[in-house]
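This report goes through a protein chain from its overall dimensions down to individual helices. Please keep the sequence and the structure in view while reading.

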Amino acid sequence: MSGQANETVRRHLIDPAPRFRDRRNVLPAVFLDRDGVINEEVHYLSHVEELKLIDGAATAIRRLNDAGIPVIVVTNQSGVARGYLNEDQLFVIHQALIAMLGQKKASVQGIYYSPFHMKGEGDYRRESDCRKPGSGMLVAAAEEFAISLTDSVLVGDRINDVRAAHGVGARAIMVRTGHGAKETQSPEATEADFIADDLSAAVDHILGTMIKR
Ligand SMILES: [Mg+2]
């Protein structure tokens with residue numbers, strides 16, 4: 001597929017376990033936006049001390065783990081382009097996030113992020129297909145984890161998350177946490193396949209009706 005798009009996609013903490021990677025048997029996955037879905041939205045989160053899990057998020061992820069569904073984080077991190085943090089600091093935040101989830105026996109199989117933005121600095125100043133609503137992160141993860149995008153669901157708190165999912169034929173749930181408090185009220189929110197109060201409610205819907213295991 002699109003090798004060119006994948007060149008700019010960045011990855012942190014990819015789970016090397018091969019159990020989800022049989023290309024003969026592509027699986028549905030759940031893609032999660034990070035800020036406002038898993039952890040509390042903070043304006044350009046750049047310090048690990050600002051990282052706080054949203055209530056019920058870890059348990060919700062664990063339920064997906066228990067159902068054998070790959071869980072992949074896809075997150076725009078233009079704070080890197082804007083100079084609020086560098087990629088090493090972002091890695092520390094992601095290590096802390098994985099550790100916090102691990103304490104609740106929850107895990108994500110990898111974190112895909114886009115550090116770019118048109119208003120960024122240096123090499124980070126660029127248009128990028130990996131920045132949502134672009135599809136680069138989803139396409140890369142689908143190749144690397146043998147995921148069937150059209151059977152998958154993305155959970156996000158912004159319209160751009162919904163559009164990224166629909167761009168690759170996946171379905172999209174918007175949550176009311178984070179920016180979702182506002183964005184679910186906007187007319188564009190009708191583009192979402194479902195609106196849930198939070199990740200926990202989104203996972204109820206996914207396991208109940210969207211992904212059959
Ligand atoms: Mg978000």
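## Overall fold

In this predicted model, buried residues make up 47% of the 213 residues in the protein chain. The secondary structure comes to eight helices and seven strands, and the C-alpha atoms, taken along the principal axes, fill a box of roughly 45 × 40 × 35 Å.

The radius of gyration of the protein chain is 16 Å, which agrees with the value near 17 Å that a compact globule of 213 residues would have. Among the contacts in the protein chain with a separation of 6 or more, 68% are accounted for by residues 24 or more positions apart.

## Helices α2 and α8

Helix α2, spanning residues 57–66, and helix α8, spanning residues 199–210, have axes that come within 8 Å and cross at roughly 20 degrees. Because angles under 35 degrees count as roughly parallel, α2 and α8 are roughly parallel to each other, and the crossing in which α2 passes α8 is left-handed.

On the α2 side, the contact is made by Ala57, Thr59, Ala60, Arg63 and Leu64, while α8 contributes Leu199, Ser200, Val203 and Leu207. Sorted by class, the residues in this contact of α2 with α8 are six nonpolar, two polar and one charged. As background to the spacing in such lists, an α-helix has 3.6 residues a turn, so residues three or four places apart point the same way.

## Helix α5

Helix α5 is mostly covered, with eight of its ten residues buried. The buried residues of α5 are Gly136, Met137, Leu138, Val139, Ala140, Ala141, Ala142 and Phe145. Just after α5, the backbone at Ala146 takes a positive phi of about 55 degrees.

Just after α6, Gly169 takes a positive phi of about 80 degrees.

Definitions and conventions
Residues are numbered from 1 along each chain as its sequence is written. This is a predicted model: local features need pLDDT of at least 70, side-chain atom pairs count only at pLDDT 80 or more; totals for chains, interfaces and linings use all residues. Helices (H or I, at least four residues) and strands (E, at least two) are DSSP runs, numbered from the N terminus. The radius of gyration is taken over C-alpha atoms; the globule rule is 2.2 Å times the number of residues to the power 0.38. A residue is buried if 20 or more other C-beta atoms lie within 10 Å of its own, exposed if 12 or fewer, and partly exposed in between; C-beta atoms are placed from the backbone. Two residues are in contact if their C-beta atoms, placed from the backbone, lie within 7 Å. Axes are lines fitted to C-alpha atoms, for helices over the stretch in contact, and angles run from 0 to 180 degrees between N-to-C directions. Angles under 35 degrees count as roughly parallel, over 145 as roughly antiparallel, 65 to 115 as roughly perpendicular and the rest as oblique. A crossing is left-handed if the near helix is turned anticlockwise from the far one by less than a right angle, and right-handed if clockwise. Ala, Val, Leu, Ile, Met, Phe, Trp, Tyr, Cys and Pro count as nonpolar, Asp, Glu, Lys and Arg as charged, and the others, Gly among them, as polar.
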